[in-house]
Amino acid sequence: MDKLTQIEAFVDVAEKGSLARAALGQHITPVMLGRRIDALEKRLGVKLMHRTTRHLTLTEQGTLYLDHCRKLLADLGHADRSVSEGRHRATGHLTVSAPAAFGRKHVAPHAAGFVRAHPDVQISFNLTDRVVDLVRDGYDVGIRIGGVIDPSFVAVKLAGNRRVVCGTPEYFERHGIPRTLDDLTQHNCLAFNLQGGQQRGWYFQENGKQVTVRAVGNLNCNDGELLHRWATEGLGLAWRSSWEIQAQLASGELITVLDDYALPQYDIVAVYPQQRHLPAKVRFFIDMLKEIYARQDYWLSP
């Protein structure tokens, strides 16, 4: 018999003043209810109430214990309600991880609208291109673009996206258009470099398999926005996400090449640890981003 059952039995009997009345409300027999109180008194080593066939009175220790038990049950009920409400009403501290450039432009700017709609939520962002460990680092949700998702996490697609090679019309007029992946060796590729200066390759699909091409050029950096700007200035070819260049593709400022080799899916997803009941603050935040990203012409905004 658990402690909570004993405590609930004691409080109910004390408040109703009768084993019979309390037992009737709980749909059990008075004998069973009496055994619960006996077990409680035995566990505590004190007499909590004097019981006769007609009267029930609390001892001094019983009166003191009743006050503590009432507060305990009230606090427990409040805790239960708070957690339950968290499934239906967004409350608490929401921690979000997102890629730096994408987070600055397409995640963090929507936080103001979210907290206006859900004033009981506080949001913290970590905008970094490092893939954080959501569980170890204590994040509620991570926004990811492409890549492999750990099977212990849930991934919700927020928007479609592809990684494409792009350049300006002027660049292609001067240097020609690459038709195959081998042709990239003849072009100035604006590469993303990793820690220590090592350059990250560009990923494509060829003959149904993913392949990596080493991007070589006279400019490289570890900032995607700078690579994007260099490409827009006609300094070389860049391997960028379609979300980043959609407006410039629509205007003709940039043109994509080697589209037949692009990876089929490099989606923008929200990732969170698997859990039986997803908190409302996470669910509502994901739903908000999905709705915003699905708006017509959203990605065409400069």
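Predicted model: local features only at pLDDT ≥ 70, side-chain atom pairs only at ≥ 80, totals over all residues.
Me: What makes the contact between Arg70 and Glu15 a salt bridge?

Reply: The label needs a side-chain nitrogen of Lys or Arg within 4 Å of a carboxyl oxygen of Asp or Glu. For Arg70 and Glu15 the N to O distance is 3.0 Å, so the pair counts as a salt bridge. In general, side chains of opposite charge can pair when their charged atoms come close.

Me: Which parts of the chain does the pair of Arg70 and Glu15 link?

Reply: Arg70 is in helix H4 (residues 60-85) and Glu15 is in helix H1 (residues 3-16). The two residues are 55 residues apart, and the pair links distant parts of the chain.

Me: Why is Arg70 called partly exposed?

Reply: Buried means under 20% relative accessible area and exposed means over 50%, with partly exposed in between. Arg70 has 38%, so it is partly exposed. Glu15, with 48%, is also partly exposed.

Me: How do you know that Arg51 and Asp38 form a salt bridge?

Reply: Their closest N and O atoms are 2.4 Å apart. The cut-off is 4 Å, so the pair qualifies. Arg51 lies in strand S1 (residues 49-51) and Asp38 in helix H3 (residues 30-44), so the pair ties together parts that are 13 residues apart in sequence. Arg51 is partly exposed at 27%, and Asp38 is partly exposed at 38%.

Me: Which residues are linked with Arg51 in a network of salt bridges?

Reply: The network links Arg51 with Asp38, Glu41 and Lys47. The structure holds 13 salt bridges.

Me: What makes Asp120 and Arg89 a salt bridge, and where do they lie?

Reply: The N to O distance between their side chains is 2.6 Å; the limit is 4 Å, so they count as a salt bridge. Asp120 is in the loop between helix H6 (111-117) and S4, and Arg89 is in the loop between H4 and S3. They are 31 residues apart. Asp120 has a relative accessibility of 44% and counts as partly exposed; Arg89 has 38% and is partly exposed as well.

Me: Why is His27 called exposed?

Reply: The label needs over 50% relative accessible area, and His27 has 72%, so it is exposed. His27 is found in the loop between helix H2 (19-26) and H3.

Me: What makes S4 and S6 edge strands?

Reply: The five strands form an open sheet in the order S4-S3-S5-S14-S6, with mixed pairing. Strand S4 (121-127) and strand S6 (153-159) are its edge strands, as each pairs on one side only. The twist averages 25° from one strand to the next. Helix H11 (residues 280-293) packs on the sheet, and its direction makes about 30° with that of S6.

Note on methods
Residues numbered from 1 in each chain as written. Heavy atoms only, no water. Pairing = 2+ DSSP bridges. Helix = DSSP H or I, 4+ residues; strand = E, 2+ residues; numbered from the N terminus. Axes fitted to C-alpha atoms, helices over the stretch in contact; angles between N-to-C directions. Contact = heavy atoms within 4.5 Å. Buried < 20%, exposed > 50% of the residue type's maximum accessible area, 1.4 Å probe, protein only.
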